[in-house]
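Please find my notes on the model below.

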Amino acid sequence: MKQPLRYPSSVSLLHWLLAIMLVGNLAIGWMLDDKEELLDLHKSVGIAILIMVLIRLANRFRVRHRLPPSVNETGTSAHFAEVAAHCLLYVLILATPLFGWLKTNAAGHATSCFGLFSLPTILPRSRELSHWLGQLHSLTAYGLAALVGLHMLGVLAHWLLRRHNILPRILPLLRRPISSTNRVQE
Ligand code: HEM
Ligand code: HEM
């Protein structure tokens with residue numbers, strides 16, 4: 001059977017939607033020291049991200065038989081690095097909003113998503129716990145930012161070093177055929 005060369009549109013759309021929301025929320029997070037009034041927006045976008053990641057993972061599972069094979073040969077260190085980086089991206093993009101929510105819990109505040117619904121409060125109010133969860137939230141957010149940087153460098157390295165432009169594999173709107181030099185493991 002012919003293997004797919006690109007990610008299904010649903011995977012690509014969710015990838016780019018989440019990328020935009022994530023970069024936006026990182027930027028808002030870094031502005032919070034000077035613009036405290038952005039905190040509610042930051043929390044709301046963060047919860048929306050958490051929900052979107054769960055939808056993205058469920059969708060990925062749904063289309064698991066239609067995913068293109070990796071551009072890196074199985075068993076190579078490049079393949080290992082790719083799988084590890086993608087898994088860690090998913091872990092951090094889940095852990096960051098979760099720690100944010102728990103930190104808000106421990107600080108004794110409600111967590112509302114654009115005023116539409118609120119997440120439950122599951123932790124007791126504790127200044128110390130809130131401090132440590134805040135530290136963890138900050139740590140995972142910085143880790144996520146660094147890993148997204150590496151992820152983009154990886155895409156660039158493929159193009160510069162191996163002459164593989166892998167970007168069209170995950171572009172939802174650009175449905176032109178992928179050129180033969182970019183076809184891998186067919
Ligand atoms: C900003 C946040 C981003 C996150 C969290 C993210 C996360 C991910 C994840 C988890 C995958 C694996 C998809 C899967 O198998 O489920 C992926 C694939 C991919 N991403 Fe991103 N990404 C981000 C931004 C970007 C950007 C800015 C670019 C452009 C350079 C990019 C280019 C790609 C490409 C080309 C693939 C497909 C790799 C392949 O050929 O298998 N991503 N991304
Ligand atoms: C993927 C989603 C999220 C990202 C990328 C993110 C990122 C950030 C960043 C970069 C900061 C600044 C950290 C620093 O400068 O040390 C921050 C602060 C903060 N975030 Fe988030 N955040 C997300 C989700 C959430 C959620 C869902 C909540 C709560 C419901 C939340 C609550 C907070 C709070 C309360 C602060 C201030 C931290 C403090 O004062 O210790 N965040 N966030």
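The numbered points go from the overall chain to single contacts.

1. Basis. This is a predicted model, in which local features need pLDDT of at least 70 and side-chain atom pairs count only at pLDDT 80 or more, while totals for chains, interfaces and linings use all residues. Residues are numbered from 1 along each chain as its sequence is written, and chains are lettered from A and ligands numbered from 1 in the order in which they are written.

2. Overall make-up. The protein chain has four helices and two strands, in the order α-α-α-β-β-α from the N terminus. Helices (H or I, at least four residues) and strands (E, at least two) are DSSP runs, numbered from the N terminus. Along the principal axes, the C-alpha atoms fill a box of roughly 55 × 30 × 30 Å.

3. Of the 186 residues, 19% count as buried. Buried stands for 20 or more other C-beta atoms within 10 Å of a residue's own, exposed for 12 or fewer, and partly exposed for values in between, with C-beta atoms placed from the backbone. Among contacts with a separation of 6 or more, 68% join residues 24 or more positions apart; a contact requires C-beta atoms, placed from the backbone, within 7 Å.

4. α2 against α3. Two packed helices are described by the angle between their axes and the distance between the axes. The axes of α2 (residues 39-62) and α3 come within 9 Å and cross at roughly 140°. Axes are lines fitted to C-alpha atoms, for helices over the stretch in contact, and angles run from 0 to 180 degrees between N-to-C directions. The two helices are therefore oblique to each other; angles under 35 degrees count as roughly parallel, over 145 as roughly antiparallel, 65 to 115 as roughly perpendicular and the rest as oblique. The crossing is left-handed, meaning that the near helix is turned anticlockwise from the far one by less than a right angle (clockwise would be right-handed). Residues meeting here include Gly-46 and Leu-50 in α2, and Leu-94 and Gly-100 in α3. By class, this contact has ten nonpolar residues, three polar and one charged. Ala, Val, Leu, Ile, Met, Phe, Trp, Tyr, Cys and Pro count as nonpolar, Asp, Glu, Lys and Arg as charged, and the others, Gly among them, as polar.

5. α3 against α4. The axes of α3 and α4 come within 8 Å and cross at roughly 155°, so the pair is roughly antiparallel. This crossing is left-handed. Its contact holds 16 nonpolar, nine polar and one charged residues.

6. Ligand 1. Which residues come nearest to ligand 1? Of the 18 around it, they are Ala-19, Leu-89, Val-155, Ile-166 and Ile-170; a residue is near if its C-beta atom, placed from the backbone, lies within 6 Å. α1 (9-31), α3 (77-106) and α4 (127-162) give two or more residues each. The shell has 13 nonpolar, three polar and two charged residues.

7. Ile-166. This residue lies in the segment after α4 and is partly exposed, with 18 other C-beta atoms within 10 Å. Leaving out residues up to four places away in sequence, Ile-166 touches Val-71, Val-155 and His-158.

8. Ligand 2. Of the 23 residues around ligand 2, Gly-29, Gly-46, Gly-100, Gly-134 and Ser-138 come nearest. α1, α2, α3 and α4 each supply at least two residues, and α3 gives the most, with seven. The shell divides into ten nonpolar, eleven polar and two charged residues.

Terms used:
Contact = placed C-beta atoms within 7 Å.
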